Amino acid sequence: MSDLFAICSTYEIDDGDARGFVLARLDESGASRPWPILVTRRSNAFYGFENACPHKGVRLDTVPGEFLDEEGNFLSCGVHHARFDLDTGHCFIGPCQGQALTPVKLVIDDGDICLVDVNLAEEDGLDIDDPDAFPEVMIISD
Ligand code: FES
């Protein structure tokens, strides 16, 4: 069975929206490396991509406000303004026209958007407080 790693819930990304995450992945030598990814949504389908422009490898979300167009049709690289389809990652205009973002396989599992079989490091950048970490409260009545 494949290992799943939940990165967020489906309701956290609206139709026509995109969200970036910085995870940590192990390289061939076992060293932890930052791994920025994007998750986009069109209708009820979700798409994952490595957050690296095929032109010069920069993160698409480095320039605030230029990452996603207002109608949620395409992603933009803020550096030289390449534009990418939200669902395919295909660059349709810009210096890397004809190339595409590297896809990341996603699986929806019980309302969670999950990565499949990725060799993540322990510190994955998504540390969430454990709800069970709160001390239990004992109620004592007279
Ligand atoms: S680095 Fe993205 S278009 Fe040049």
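Predicted model: local features only at pLDDT ≥ 70, side-chain atom pairs only at ≥ 80, totals over all residues.
Which residue's side chain does R59 meet in a salt bridge? The partner is D61, with N and O 3.2 Å apart; a salt bridge here is a side-chain nitrogen of Lys or Arg within 4 Å of a carboxyl oxygen of Asp or Glu. R59 is partly exposed at 34% relative accessible area, and D61 is partly exposed at 23% (buried is under 20%, exposed over 50%, partly exposed in between, with a 1.4 Å probe and protein chains only).

Residues are numbered from 1 along each chain as its sequence is written, and side-chain values use heavy atoms, leaving out hydrogens and water.

Now for the overall layout. The chain has ten strands and zero helices (DSSP runs numbered from the N terminus: E of at least two residues for strands, H or I of at least four for helices). Of its 142 residues, 35% are buried.

Four of the strands form an open antiparallel sheet in the order β2-β3-β4-β8; strands pair if DSSP finds at least two bridges between them.

Let's finish with another salt bridge, between E50 and R25, whose closest N and O atoms are 3.8 Å apart. This pair links strand β4 to strand β2 across 25 residues.
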